Amino acid sequence: PSGDPLPAAVLARALLLGARFDARLAVLVALPLLLLGGVRALSPFERRLARHGWAWYLVLSHLLLFFIYAVDFGYYAYAASRVNVSIRQFLYNPDTSAGMVWASYPVVRHALGIAIAAWAVFRLARLLLERARHWSAATASRRRRIAASIVVALVAVEDVVAAVAGD
(Lines give C-alpha, C1' and ligand atoms only; values in the text may rest on other atoms or scores of the structure.)
Protein backbone atom coordinates (compact mmCIF):
# COMPACT_ATOMS: atom_id res chain seq x y z
CA PRO A 1 0.00 0.00 0.00
CA SER A 2 1.74 3.08 -1.26
CA GLY A 3 -1.03 5.42 -0.20
CA ASP A 4 -1.86 6.32 -3.78
CA PRO A 5 -5.58 6.71 -4.31
CA LEU A 6 -7.35 4.37 -6.65
CA PRO A 7 -7.76 6.02 -10.06
CA ALA A 8 -11.36 7.09 -10.67
CA ALA A 9 -11.54 5.16 -13.95
CA VAL A 10 -10.48 1.92 -12.26
CA LEU A 11 -12.95 2.45 -9.41
CA ALA A 12 -15.78 3.27 -11.85
CA ARG A 13 -15.05 0.15 -13.92
CA ALA A 14 -14.98 -2.03 -10.80
CA LEU A 15 -18.28 -0.59 -9.55
CA LEU A 16 -19.89 -1.07 -12.98
CA LEU A 17 -18.65 -4.65 -13.17
CA GLY A 18 -20.02 -5.34 -9.69
CA ALA A 19 -23.38 -3.75 -10.50
CA ARG A 20 -23.67 -5.80 -13.69
CA PHE A 21 -22.86 -9.00 -11.80
CA ASP A 22 -25.36 -8.15 -9.08
CA ALA A 23 -28.07 -7.42 -11.66
CA ARG A 24 -27.45 -10.76 -13.37
CA LEU A 25 -27.50 -12.60 -10.06
CA ALA A 26 -30.73 -10.89 -9.01
CA VAL A 27 -32.35 -11.84 -12.32
CA LEU A 28 -31.19 -15.46 -11.98
CA VAL A 29 -32.56 -15.75 -8.44
CA ALA A 30 -35.86 -14.09 -9.39
CA LEU A 31 -36.28 -15.95 -12.69
CA PRO A 32 -38.08 -19.02 -11.28
CA LEU A 33 -40.49 -16.75 -9.42
CA LEU A 34 -41.04 -14.65 -12.54
CA LEU A 35 -41.60 -17.67 -14.77
CA LEU A 36 -43.62 -19.87 -12.42
CA GLY A 37 -45.36 -17.16 -10.40
CA GLY A 38 -47.90 -16.72 -13.19
CA VAL A 39 -49.11 -20.29 -12.81
CA ARG A 40 -52.23 -20.05 -10.67
CA ALA A 41 -51.26 -22.89 -8.32
CA LEU A 42 -47.81 -21.36 -7.74
CA SER A 43 -48.85 -17.71 -7.64
CA PRO A 44 -47.72 -15.84 -4.53
CA PHE A 45 -50.53 -13.37 -5.26
CA GLU A 46 -53.27 -15.95 -4.85
CA ARG A 47 -52.09 -18.84 -2.68
CA ARG A 48 -50.83 -18.64 0.88
CA LEU A 49 -48.96 -21.93 0.54
CA ALA A 50 -47.25 -20.63 -2.62
CA ARG A 51 -46.13 -17.49 -0.76
CA HIS A 52 -44.67 -19.68 1.96
CA GLY A 53 -42.96 -21.92 -0.62
CA TRP A 54 -41.48 -18.96 -2.50
CA ALA A 55 -40.20 -17.52 0.77
CA TRP A 56 -38.39 -20.81 1.42
CA TYR A 57 -37.03 -20.81 -2.14
CA LEU A 58 -35.60 -17.34 -1.57
CA VAL A 59 -34.09 -18.40 1.76
CA LEU A 60 -32.44 -21.48 0.25
CA SER A 61 -31.11 -19.60 -2.76
CA HIS A 62 -29.70 -16.89 -0.50
CA LEU A 63 -28.20 -19.48 1.86
CA LEU A 64 -26.39 -20.96 -1.13
CA LEU A 65 -25.14 -17.50 -2.13
CA PHE A 66 -24.05 -16.71 1.44
CA PHE A 67 -22.15 -20.00 1.58
CA ILE A 68 -20.46 -19.39 -1.79
CA TYR A 69 -19.40 -15.90 -0.69
CA ALA A 70 -18.13 -17.23 2.66
CA VAL A 71 -16.05 -19.87 0.86
CA ASP A 72 -14.74 -17.22 -1.54
CA PHE A 73 -13.76 -14.87 1.30
CA GLY A 74 -12.14 -17.69 3.27
CA TYR A 75 -10.25 -18.97 0.24
CA TYR A 76 -9.04 -15.46 -0.52
CA ALA A 77 -7.80 -15.09 3.06
CA TYR A 78 -6.00 -18.45 2.75
CA ALA A 79 -4.60 -18.36 -0.80
CA ALA A 80 -4.71 -14.61 -1.66
CA SER A 81 -6.67 -15.39 -4.82
CA ARG A 82 -10.31 -15.80 -5.75
CA VAL A 83 -11.95 -19.21 -5.78
CA ASN A 84 -11.17 -21.19 -8.90
CA VAL A 85 -11.07 -24.80 -9.96
CA SER A 86 -8.01 -25.46 -7.79
CA ILE A 87 -10.29 -25.48 -4.73
CA ARG A 88 -11.19 -29.06 -5.71
CA GLN A 89 -7.83 -30.18 -4.30
CA PHE A 90 -9.27 -29.65 -0.82
CA LEU A 91 -12.08 -32.11 -1.56
CA TYR A 92 -9.66 -35.01 -2.02
CA ASN A 93 -8.97 -35.11 1.71
CA PRO A 94 -12.07 -33.64 3.36
CA ASP A 95 -11.09 -34.58 6.94
CA THR A 96 -7.82 -32.67 6.81
CA SER A 97 -9.44 -29.73 5.00
CA ALA A 98 -12.33 -29.57 7.48
CA GLY A 99 -9.87 -29.67 10.38
CA MET A 100 -7.86 -26.83 8.84
CA VAL A 101 -11.03 -24.75 8.32
CA TRP A 102 -12.19 -25.45 11.89
CA ALA A 103 -8.80 -24.46 13.33
CA SER A 104 -8.29 -21.41 11.11
CA TYR A 105 -11.69 -19.73 10.92
CA PRO A 106 -14.46 -18.87 13.40
CA VAL A 107 -16.83 -21.45 11.90
CA VAL A 108 -19.48 -21.30 14.61
CA ARG A 109 -19.67 -17.51 14.54
CA HIS A 110 -19.90 -17.49 10.73
CA ALA A 111 -22.54 -20.23 10.72
CA LEU A 112 -24.53 -18.27 13.28
CA GLY A 113 -24.21 -15.15 11.12
CA ILE A 114 -25.41 -17.02 8.05
CA ALA A 115 -28.32 -18.47 10.03
CA ILE A 116 -29.34 -15.00 11.23
CA ALA A 117 -29.06 -13.66 7.68
CA ALA A 118 -31.22 -16.54 6.41
CA TRP A 119 -33.83 -15.80 9.08
CA ALA A 120 -33.80 -12.13 8.05
CA VAL A 121 -34.20 -13.08 4.38
CA PHE A 122 -37.13 -15.34 5.28
CA ARG A 123 -38.86 -12.62 7.28
CA LEU A 124 -38.26 -10.04 4.56
CA ALA A 125 -39.39 -12.41 1.79
CA ARG A 126 -42.60 -13.25 3.65
CA LEU A 127 -43.27 -9.57 4.30
CA LEU A 128 -42.67 -8.59 0.68
CA LEU A 129 -44.66 -11.50 -0.72
CA GLU A 130 -47.55 -10.69 1.64
CA ARG A 131 -47.52 -7.09 0.48
CA ALA A 132 -47.25 -8.19 -3.16
CA ARG A 133 -50.44 -10.17 -2.69
CA HIS A 134 -52.36 -6.91 -2.70
CA TRP A 135 -50.65 -5.65 -5.83
CA SER A 136 -51.46 -6.91 -9.27
CA ALA A 137 -50.92 -5.68 -12.80
CA ALA A 138 -54.64 -5.01 -13.07
CA THR A 139 -54.59 -2.49 -10.21
CA ALA A 140 -51.21 -0.90 -11.04
CA SER A 141 -51.15 2.37 -12.90
CA ARG A 142 -50.12 2.30 -16.51
CA ARG A 143 -47.00 4.32 -15.62
CA ARG A 144 -45.89 1.70 -13.06
CA ARG A 145 -46.44 -1.18 -15.48
CA ILE A 146 -44.42 0.60 -18.17
CA ALA A 147 -41.63 1.46 -15.71
CA ALA A 148 -41.42 -2.15 -14.47
CA SER A 149 -41.37 -3.45 -18.05
CA ILE A 150 -38.58 -1.02 -18.98
CA VAL A 151 -36.43 -2.07 -16.01
CA VAL A 152 -36.84 -5.77 -16.81
CA ALA A 153 -36.13 -5.14 -20.51
CA LEU A 154 -33.00 -3.10 -19.76
CA VAL A 155 -31.58 -5.81 -17.51
CA ALA A 156 -32.35 -8.46 -20.14
CA VAL A 157 -30.82 -6.39 -22.96
CA GLU A 158 -27.71 -5.68 -20.91
CA ASP A 159 -27.36 -9.40 -20.22
CA VAL A 160 -27.65 -10.27 -23.91
CA VAL A 161 -25.14 -7.56 -24.91
CA ALA A 162 -22.70 -8.73 -22.23
CA ALA A 163 -23.06 -12.34 -23.39
CA VAL A 164 -22.42 -11.39 -27.03
CA ALA A 165 -19.49 -9.16 -26.07
CA GLY A 166 -18.00 -11.98 -23.97
CA ASP A 167 -17.97 -10.05 -20.65
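Modeller: Begin with Y75, Y78 and F90, which together form one aromatic cluster. This is a predicted model, in which local features need pLDDT of at least 70 and side-chain atom pairs count only at pLDDT 80 or more, while totals for chains, interfaces and linings use all residues. Residues are numbered from 1 along each chain as its sequence is written, and side-chain values use heavy atoms, with hydrogens and water left out.

Colleague: How many aromatic pairs does a search of the whole structure find?

Modeller: The general idea is that a pair of aromatic rings is described by the distance of the centres and the angle of the planes. Rings of Phe, Tyr and Trp (its six-membered ring) pair if their centres lie within 6.5 Å; planes under 30 degrees apart are stacked, over 60 edge-to-face, and the rest tilted. Here the search finds five aromatic pairs. One of them is Y75 with F90, edge-to-face, at 6.2 Å centre to centre and 75° between the planes. This pair links distant parts of the chain, since Y75 is in helix 2 and F90 is in the loop between helix 2 and helix 3, 15 residues apart.

Colleague: Is F90 buried or exposed, or in between?

Modeller: Buried means under 20% relative accessible area, exposed over 50%, and partly exposed in between (1.4 Å probe, protein chains only). F90 has 21% relative accessibility, so it counts as partly exposed. Y75, at 9%, counts as buried. F90 also pairs with Y78: the ring centres are 5.8 Å apart and the planes at 75°, so this pair is edge-to-face. Y78 is in helix 2 and F90 in the loop between helix 2 and helix 3, so the pair ties together parts 12 residues apart in sequence. Y78 is partly exposed, with a relative accessible area of 47%.

Colleague: How many helices and strands are there in the protein chain?

Modeller: Helices (H or I, at least four residues) and strands (E, at least two) are DSSP runs, numbered from the N terminus. The protein chain has five helices and zero strands, and its pattern along the sequence is α-α-α-α-α.

Colleague: What does the largest nonpolar core consist of?

Modeller: In soluble globular proteins, nonpolar side chains tend to be buried together. A nonpolar core is a set of buried Ala, Val, Leu, Ile, Met, Phe, Trp, Tyr and Cys residues joined through side-chain atoms within 4.5 Å. The largest one here has 12 residues, among them V29, W54, A55, F122 and L129. Helix 2 (48–79) and helix 4 (107–132) are the elements that give two or more residues to this core. Helix 2 gives the most, with six residues.

Colleague: Which residues does A55 touch?

Modeller: Contact means heavy atoms within 4.5 Å. Not counting residues up to four places away in sequence, A55 touches F122, A125, R126 and L129. R123 is also in helix 4; its C-alpha atom is separated by 8.3 Å from that of A55, 68 residues apart along the chain. R123 counts as exposed, at 52% relative accessibility. Across the protein chain, buried residues make up 14% of the 167 residues.

Colleague: How many salt bridges does the count come to?

Modeller: A salt bridge is a side-chain nitrogen of Lys or Arg within 4 Å of a carboxyl oxygen of Asp or Glu. The count comes to two. In one of them, the side chains of E130 and R51 meet at 3.3 Å, N to O. E130 is in helix 4 and R51 in helix 2, 79 residues apart, and the pair links distant parts of the chain. R51 is buried, with a relative accessible area of 9%, whereas E130 is partly exposed at 30%.

Colleague: Where do D72 and R82 lie?

Modeller: The side chains of D72 and R82 meet in a salt bridge at 2.5 Å, N to O. D72 lies in helix 2 and R82 in the loop between helix 2 and helix 3 (94–104), so the pair ties together parts 10 residues apart in sequence. D72 is buried at 8% relative accessibility, and R82 is exposed at 54%.
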